[in-house]
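Subject: Structure handover

Hello,

Here is the structure I promised to pass on. Please open it next to this email and follow along.

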Amino acid sequence: MNNITMKMTADELILSALREDITSEDITTNSVMPHYQKGQVDLICKEDGVIAGLEVFKRVFELLDEKTEVTFYCKDGDEVKKGEKIGLIVGDIRVLLSGERTALNFLQRMSGIATYTRSIANLLKGTNTKLLDTRKTTPNMRIFEKYAVKVGGGNNHRYNLSDGILLKDNHIGAAGGVKEAVKMAKEYAPFVRKIEIEVEDLDMLKEALDAGADIIMLDNMSVEDMKKAVEMTAGKAETECSGNVTKENIARLTDIGVDYISSGALTHSAPILDLSLKNLHAI
């Protein structure tokens, strides 16, 4: 996540998270630390995983006090181990205490997604299939969660509804059918946009191919039907497999030959990576 993105988009979201946690004041910190005192605290990893979101973590403290100094001993994408000291934060103790939970919430969530994504991406090594995320993200956390997917070795599907055309079952129902939905999308959308459509069986697939769809999403189809679908498509369109894909069941999909496998679980089901700020003391 570069500095321009951070300042244009992330800062606003980080400040919103801080305001959620500090409505008027941090009454606990102010009661035990009424005046400025310089201090430091360690960032400790409490379980093995992949780290992601270090700049977001750092920015939390900088937005509270630009003089806060944050040093990291790893970088986004690195594998970290339980008990490892991965950072040091130095500054006003009041800032270290008040920013702790918000900073950790971002870092733990993003690192958890990167860790889970890496575990699934590793299962696709040696294939030509790319792992994609979805829009099943936490509200107002999409920019962070999709970044974490990339850090973990996955790829981003469309960012939002303005970013690409994906005709799902309800769009097809609204349009009156597969052929009609693709035709209307082609007429409305800029010619540079690819048109992706979700199909649930081989009959719908044939309609979608005849209508000229660019990407076919094979949704919740059996492995046997997906293999037939890839054969039927045969380069006429790209193929994407979707539908309750998790680390536990993705192995059954690796030899089907689809171009993409999308998984909402990357962002909606990844557990956090346990991290902690420890050993706070005055200096």
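Predicted model: local features only at pLDDT ≥ 70, side-chain atom pairs only at ≥ 80, totals over all residues.

Start in the loop between β6 and α5, where you will find Asn140. Is Asn140 buried or exposed? Its relative accessibility is 62%, so Asn140 counts as exposed. The cut-off for exposed is over 50%. Look at the backbone too. Asn140 is not a glycine, yet its phi is positive, near 70°.

Asn220 also has a positive phi, of about 50°, and is not a glycine either. Find Asn220 in the loop between β9 (215-219) and α9.

**The whole protein**

Now zoom out. The protein has 10 helices and 12 strands. Its C-alpha trace spans about 70 × 35 × 25 Å along the principal axes. Of the 283 residues, 49% are buried. Next, take the contacts between residues at least 6 apart in sequence. Of these, 71% join residues at least 24 apart.

**Two threonines**

Go back to the loop between β6 and α5 (142-151). Thr138 is found there. With a relative accessible area of 34%, Thr138 is partly exposed. Which residues does Thr138 touch, not counting those up to four places away in sequence? They are Arg109 and Glu145. With Glu145 there is a polar contact, side chain to side chain, at 2.7 Å. Thr138 and Thr267 are 129 residues apart along the chain, but 7.8 Å separates their C-alpha atoms.

Thr129 sits in another loop, between α4 (93-123) and β6 (130-132). Its relative accessibility is 9%, so Thr129 counts as buried. The limit for buried is under 20%. Which backbone oxygen lies 2.8 Å from a polar atom of the Thr129 side chain? That oxygen belongs to Val258. Val258 is also one of the residues in contact with Thr129, once neighbours within four places in sequence are left aside.

Helix α7 covers residues 178-188, and helix α8 covers residues 202-211. Their axes are 9 Å apart, and the packing angle is about 30°. Angles under 35 degrees count as roughly parallel. So α7 and α8 are roughly parallel to each other. Their crossing is right-handed. Which residues of α7 meet α8? Look for Val178, Lys179, Val182 and Lys186. On the α8 side, find Met204, Glu207, Ala208 and Ala211. By class, this contact has five nonpolar, no polar and three charged residues.

The second pair is α8 with helix α9 (residues 223-233). Their axes come within 10 Å and cross at roughly 20°. Therefore α8 and α9 are also roughly parallel to each other. The crossing of α8 and α9 is right-handed. From α8, the contact uses Leu202, Leu205, Lys206 and Leu209. From α9, it uses Asp225, Lys228, Ala229, Met232 and Thr233. These residues divide into five nonpolar, one polar and three charged.

Is Val223 buried or exposed? At 19% relative accessibility, Val223 counts as buried, because the limit is under 20%. Leaving aside neighbours within four places in sequence, Val223 is in contact with Arg252, Leu253 and Ile256. The C-alpha atoms of Val223 and Asp255 are separated by 9.8 Å, and the two residues are 32 apart along the chain.

Last stop: helix α3 (residues 54-64), which holds Leu54. Its relative accessibility is 3%, so Leu54 counts as buried. What does Leu54 touch, not counting residues up to four places away in sequence? The answer is Phe72, Cys74, Lys75, Asp76 and Leu107. Gly77 lies 23 residues from Leu54 along the chain, with 10.0 Å between the two C-alpha atoms.

Best wishes

Terms used:
Residues numbered from 1 in each chain as written. Heavy atoms only, no water. Helix = DSSP H or I, 4+ residues; strand = E, 2+ residues; numbered from the N terminus. Buried < 20%, exposed > 50% of the residue type's maximum accessible area, 1.4 Å probe, protein only. Polar contact = N/O pair within 3.5 Å; in protein donor to acceptor, adjacent residues only side chain to side chain. Contact = heavy atoms within 4.5 Å. Axes fitted to C-alpha atoms, helices over the stretch in contact; angles between N-to-C directions. Parallel < 35°, antiparallel > 145°, perpendicular 65-115°, else oblique. Left-handed = near helix turned anticlockwise from the far one by under 90°. Nonpolar A, V, L, I, M, F, W, Y, C, P; charged D, E, K, R; others polar.
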